[in-house]
Amino acid sequence: DKCVFEDRDRLNSCYSSILLIQWGISILFLILSLVLYPFLSNILSIPAIYLKDIQFTFIVVVVAYVLWFPLSIFLAVMASQQKMALVNMINLARNMLISILPLGFMLLGYHVLSFGLSILIANVITLLISFLIMKSLFPQVSFHRRWVSASCIKEGYHYIKPFQIMKLAVIVKANIINLMIIIIQGPVILVSYVLTNKLLQYLPQLVSRFSYSIFPALSEVFAAGRSADVRQYYVHYIRVVLRFALFFALLAIFLNEIFISLWVGIDKFSGEAVLICMIIVMVKEVISSSHVSAIQASGEYGKLPLISVVELPIVIILSYLLSLAFGLLGIVLGILLGTLLSFFYGLSLAFSLFNIRVKDVLNRSGMYYIMRGNLLTLLVLVTVHFFFDLHNWSSLMIICACAFMVNFLPHEGLKFFKNKDKKQLFSRLQASFEF
């Protein structure tokens, strides 16, 4: 944060300590990968004809991430000083390179190695650019092993421990659920579950990325004790999240089955009851993603890490018992019901940080903001459902675009057209969200 940046000695001590820890973790990852390397053919059941290519690709990818993990601190330094536009542009460039480079390597005959080489090259280029930009913006940031501080390491450990416990609990839950579906219902049902849930995973990820973008600013707000100053903005932020959660829920209810039937066939659709439960889980995860940055920035986790861990056996037991009666639907219900405690506790914790009540968010003006565009979206989707037959990708994309436009127009669109100066579109769109 800014306080650390004003103290050059402390800045470089923290920077050097974190960089040393990240290199240590990367080296451990490298050692583990080298231990697993001789057993790749057995673990992945790789045919002998492809073994050499995949082994070499494995080494290339390992090297790519061994470099990426510690040196991504360059991006973290920029993010801490709210240079999120730069960070997002660099990440976008990296993702584009990872997507485009394999095409060129495939044409040159590198086959599966194309993907490994693309990740390595993209990471090296990204890290080099990140380092040069960071040094030009923050020349005071330097690394030296003599600046490594045990107190900085200890402070950083205590700061990130609760969040990492929560993150690990989420990862374990997701993997255990997939494992339970395979064991109880079989791999075919897992494929159906994953495909039905594919689109519903994107909105929580998008909100999580946006939440990460405002994390540096929130950290500075809490460090200065000014949370009351941004209270009204945070209330509006929650309303925006709820508005788009409802919008995507409506799209999923009316269009997800059509999307799956066009993509892989209607036989891969898990059913309407499972879809409804998945949509509720999605909305819950979106709301959770929206306030996790505030909790992390404040450092006030309360009992949330403990609750996240305790929920693991609850989710497993509930999912198993309900699956005996309802199959896949029971497993999804187990996920939904088993994670309600952490959801409501985290929400109340975030609200208390800003002294917000539910009625502050869902008062008359809040409900009008959330529902106005979504009612028009619902009207469009109901009309399409009863009077049109969507049988190709073009018609599906057109309906999605129409649904977005009718949701957009009563809010950002109306403000745009009411404004006489229509040359600065980006500024008005940003102002319409009041961020």
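Predicted model: local features only at pLDDT ≥ 70, side-chain atom pairs only at ≥ 80, totals over all residues.
A crossing of two helices is left-handed if the near helix is turned anticlockwise from the far one by less than a right angle.

Start with α12, which covers residues 272-298. This helix passes α15 in a left-handed crossing. On the α12 side, the contact is made by Lys284, Ile287, Ser288, His291, Ala294, Ile295 and Ser298. The α15 side brings Leu340, Phe343, Gly346, Leu347, Leu349, Ala350 and Leu353. Sorted by class, that gives nine nonpolar, four polar and one charged residues.

Now for α13, residues 304-326. The crossing of α13 with α15 is left-handed as well. Here Leu304, Ile307 and Glu311 of α13 meet Leu340, Leu341, Ser342, Tyr345 and Gly346 of α15. The class count for this contact is five nonpolar, two polar and one charged residues. Leu340 and Gly346 of α15 turn up in the contact with α13 and also in the one with α12.

The axis geometry of both pairs looks like this:

| Helix pair | Axes come within | Crossing angle |
|---|---|---|
| α12 and α15 | 9 Å | roughly 50° |
| α13 and α15 | 9 Å | roughly 165° |

Angles over 145 degrees count as roughly antiparallel, so α13 and α15 are roughly antiparallel to each other. The roughly 50° between α12 and α15 makes that pair oblique instead.

What about α14, residues 328-338? This helix is mostly covered, with nine of its eleven residues buried. The buried set is made up of Leu328, Leu329, Gly330, Ile331, Val332, Gly334, Ile335, Leu336 and Gly338.

Phi of Asn355 is near 55°, a positive value in a residue other than glycine. Most residues other than glycine have a negative phi. Is Asn355 buried or exposed? Its relative accessibility is 62%, and since exposed means over 50%, Asn355 counts as exposed.

Ser114 sits in helix α7, residues 113-137. Ser114 has a relative accessible area of 0%, so this residue is buried. Which residues does Ser114 touch, leaving aside those up to four places away in sequence? They are Pro102, Phe105 and Met106. Ile98 lies 16 residues from Ser114 along the chain, and their C-alpha atoms are separated by 9.8 Å.

Technical notes. Residues numbered from 1 in each chain as written. Heavy atoms only, no water. Axes fitted to C-alpha atoms, helices over the stretch in contact; angles between N-to-C directions. Helix = DSSP H or I, 4+ residues; strand = E, 2+ residues; numbered from the N terminus. Parallel < 35°, antiparallel > 145°, perpendicular 65-115°, else oblique. Contact = heavy atoms within 4.5 Å. Nonpolar A, V, L, I, M, F, W, Y, C, P; charged D, E, K, R; others polar. Buried < 20%, exposed > 50% of the residue type's maximum accessible area, 1.4 Å probe, protein only.
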